[in-house]
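User: Hi! Could you walk me through this structure with a few questions and answers?

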Amino acid sequence: MTILTRLEMDDVRKRLATVPAWQIAEASIQRAFLFRDFVDAFAFMSSVALTAERMEHHPEWRNVYNRVDITLSTHEVGGLSEKDFTLAAAIDDLFVARSRDTNV
């Protein structure tokens, strides 16, 4: 079992440089994703869901038509942990792959 620790703000800033499209929002990081239509957005969400389940770290998200807003935080530590940045990077990779496949 991995023990999670809350990242200090200096560490958060360093890790944020590895996922530059994400923004700090209180004790979380957030990003909006835009797609061609609802079907592409939902397909992306499905890919993220499978990845998040494998990582045992689940996002908070909202979908309206072609937009998906994702918020990541680690509730067990009351803020951000390494898991959030690992999942953010995986989500970014999924977005790039989806964009390439659908020419978004």
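Analyst: Happy to! A salt bridge here is a side-chain nitrogen of Lys or Arg within 4 Å of a carboxyl oxygen of Asp or Glu. The model is a predicted one, and the number of salt bridges it holds is 6.

User: Which parts does the salt bridge between D92 and R31 tie together?

Analyst: The closest N and O atoms of D92 and R31 are 2.5 Å apart.

User: Is D92 buried or exposed?

Analyst: Buried means under 20% relative accessible area. R31 has a relative accessible area of 16%, so R31 is buried. D92 has 12% relative accessibility, so D92 also counts as buried.

User: Which residues do salt bridges with shared partners join into one network?

Analyst: R36 forms a salt bridge with D40, with their closest N and O atoms 3.1 Å apart. D40 is buried at 5% relative accessibility. Through shared partners, the network consists of R36, D40 and R98.

User: How exposed is R67, the salt-bridge partner of D69?

Analyst: The closest N and O atoms of D69 and R67 are 2.8 Å apart.

User: Which residues have the most contacts inside the largest nonpolar core?

Analyst: Nonpolar side chains tend to be buried together in soluble globular proteins. In this model, α1 (9-16), β2, α2 (38-55), β4 (67-72) and α3 each supply at least two residues of the core. F33 is in contact with residues including V68, I70 and F95, leaving aside its neighbours within four places in sequence. The core has 22 residues, and those with the most contacts inside it are W22, F33, F44 and I91.

User: Which strands stand at the edges of the sheet?

Analyst: The sheet is open, with 4 strands in the order β1-β2-β4-β3 and antiparallel pairing. An edge strand has a single partner, so one of its sides is left without a neighbour in the sheet. Those strands are β1 (23-25) and β3 (60-64).

User: What angle does the direction of α2 make with that of β3?

Analyst: Neighbouring strands of the sheet are turned by 25° against each other on average, direction ignored. Helix α2 packs on this sheet and touches β2, β3 and β4. The direction of α2 and that of β3 make an angle of about 165°.

Definitions and conventions. Residues numbered from 1 in each chain as written. Predicted model: local features only at pLDDT ≥ 70, side-chain atom pairs only at ≥ 80, totals over all residues. Heavy atoms only, no water. Buried < 20%, exposed > 50% of the residue type's maximum accessible area, 1.4 Å probe, protein only. Core = buried A, V, L, I, M, F, W, Y, C linked by side-chain atoms within 4.5 Å. Contact = heavy atoms within 4.5 Å. Pairing = 2+ DSSP bridges. Axes fitted to C-alpha atoms, helices over the stretch in contact; angles between N-to-C directions.
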